[in-house]
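Here is a short briefing on a protein model and its ligand. Take a look at the structure first, then read on by topic.

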Amino acid sequence: MLKLTKVSKVYEGKVAYRALTDINVEIEKGEFVAIMGPSGSGKTTLLNIISTNDAPTTGEVVIDGENPHKLKKNALAKFRRNELGFIFQDFNLLHTLTVEENIVLPLTLDGTPVKEMKEKAQKIADTLGISSIMHKRTYEISGGQAQRVAIARAMIHEPRLLLADEPTGNLDSKAAKDVMNMLVSINETEKTSLLMVTHDPQAASYANRVIFIRDGKLHSEIHRGESRQAFFHKIIDMLSLMGGDGNDFSSIRV
Ligand SMILES: Nc1ncnc2c1ncn2[C@@H]1O[C@H](COP(=O)(O)OP(=O)(O)OP(=O)(O)O)[C@@H](O)[C@H]1O
Ligand SMILES: [Mg+2]
């Protein structure tokens, strides 16, 4: 589904900065993988390269048999719309639009008929428990609701790969739990592959696998067994083994 081969990233500038070194990662269809690592370790850089918002300096990205970085502009735009969904930490909603308009935005770009758009939006809003706020503006809703709207928007075109950067970053623990359960259900019912960056070991414990990166390099990975609780403790142990600057894991909820 997703294969990264020796992906490296050097940010050019007055002083060049090497953010990623030789990252090899493979994700199967329908797998749910979390990426963790201290602040500045290169997690967002990696997600930006996979989402084609940024290009790798060297190395290769293949998604569903295709290297999107080699596509021409129009083909790339289509590829991104068909294959990829994004959930950003700051939600990235458009404040001049209603919740419903935000959700159907990816379909608008594809020229989907209005009736079909509304039906799809309604179905996904029902699933996410946000159908009562469809006509509100995004500044009239709570953070947890905004996060669900962002998920609805990322899901409405049924992407094969969903990329999420800190999807629970701004949420309290109840809302974070709801969001994680939603992501798991999308992952299980639609077989959507899921790649999620998170600082939160509780959120990461919902994944099938956690990949740890440190200083731009793969550090280790652990797989979930039967129990999420046991996985959660394994994740915490790995994080403390890796160290960090102490502030990184402030969101730990035990
Ligand atoms: N556009 C840029 N130009 C130069 N350096 C950058 C740029 N973007 C990120 N960096 C540097 O690359 C490194 C990795 O940044 P990145 O945003 O990927 O970290 P992160 O793991 O997502 O951190 P956080 O957990 O704080 O979000 C950091 O040292 C950062 O300062
Ligand atoms: Mg980041």
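The axes of helix H3 (residues 99-110) and helix H5 come within 7 Å and cross at roughly 30°. H3 and H5 are therefore roughly parallel to each other. This is a predicted model, where local features need pLDDT of at least 70, side-chain atom pairs count only at pLDDT 80 or more, and totals for chains, interfaces and linings use all residues. Residues are numbered from 1 along each chain as its sequence is written, while chains are lettered from A and ligands numbered from 1 in the order in which they are written.

**Terms for the helices**

- Helices (H or I, at least four residues) and strands (E, at least two) are DSSP runs, numbered from the N terminus.
- Two packed helices are described by the angle between their axes and the distance between the axes.
- Axes are lines fitted to C-alpha atoms, for helices over the stretch in contact, and angles run from 0 to 180 degrees between N-to-C directions.
- Angles under 35 degrees count as roughly parallel, over 145 as roughly antiparallel, 65 to 115 as roughly perpendicular and the rest as oblique.
- A crossing is left-handed if the near helix is turned anticlockwise from the far one by less than a right angle, and right-handed if clockwise.

**H3 with H5**

- H3 passes H5 in a right-handed crossing.
- On the H3 side, Val99, Asn102, Ile103, Leu105 and Pro106 meet Val149, Ala152 and Arg153 of H5. Contact here puts the C-beta atoms, placed from the backbone, within 7 Å.
- The residues of this contact divide into 6 nonpolar, 1 polar and 1 charged. Ala, Val, Leu, Ile, Met, Phe, Trp, Tyr, Cys and Pro count as nonpolar, Asp, Glu, Lys and Arg as charged, and the others, Gly among them, as polar.

**H3 with H4**

- The axes of H3 and H4 come within 10 Å and cross at roughly 120°.
- That angle makes H3 oblique to H4.
- H3 and H4 have a right-handed crossing.
- H3 brings Glu100, Ile103, Val104 and Leu107 to the contact, and H4 brings Met117, Lys120, Ala121, Ile124 and Ala125.
- The contact of H3 with H4 has 7 nonpolar residues, no polar and 2 charged.

**H4 with H5**

- H4 and H5 (residues 143-155) pack at an angle of about 140°, with their axes 10 Å apart.
- H4 is therefore oblique to H5.
- The crossing of H4 and H5 is right-handed.
- Ile124, Ala125 and Leu128 of H4 meet Arg148, Ile151, Ala152 and Met155 of H5.
- In the contact of H4 with H5, 6 residues are nonpolar, none polar and 1 charged.

- Leu128 sits in H4 (residues 114-128).
- Leu128 counts as buried, with 21 C-beta neighbours inside 10 Å. Buried takes 20 or more other C-beta atoms within 10 Å of a residue's own, exposed takes 12 or fewer, and partly exposed falls in between, with C-beta atoms placed from the backbone.
- Leaving aside neighbours within four places in sequence, Leu128 is in contact with Arg148, Ile151, Ala152 and Met182.
- Leu128 and Val179 are 51 residues apart along the chain, and their C-alpha atoms are separated by 8.7 Å.
- Pro201 is found in helix H7 (residues 201-204).
- Pro201 is buried, since 24 other C-beta atoms lie within 10 Å.

**The shell around ligand 1**

- Around ligand 1 are Tyr11, Gly13, Tyr17, Ala19, Gly37, Ser39, Gly40, Ser41, Gly42, Lys43, Thr44 and Thr45. A residue is near a molecule if its C-beta atom, placed from the backbone, lies within 6 Å of it.
- Strand E2 (17-27) and helix H1 (43-50) each supply at least two residues of this shell.
- H1 gives the most, with 3 residues.
- The shell divides into 3 nonpolar, 8 polar and 1 charged.

**Positive phi values**

- Most residues other than glycine have a negative phi.
- Thr52 has a positive phi, near 65°. Thr52 is in the loop between H1 and strand E4 (58-63), and counts as partly exposed with 19 C-beta neighbours inside 10 Å.
- Glu166 has a positive phi, near 50°. Glu166 lies in the loop between strand E6 (161-165) and helix H6 (173-190), and counts as buried with 21 C-beta neighbours inside 10 Å.

Notes. Two residues are in contact if their C-beta atoms, placed from the backbone, lie within 7 Å.
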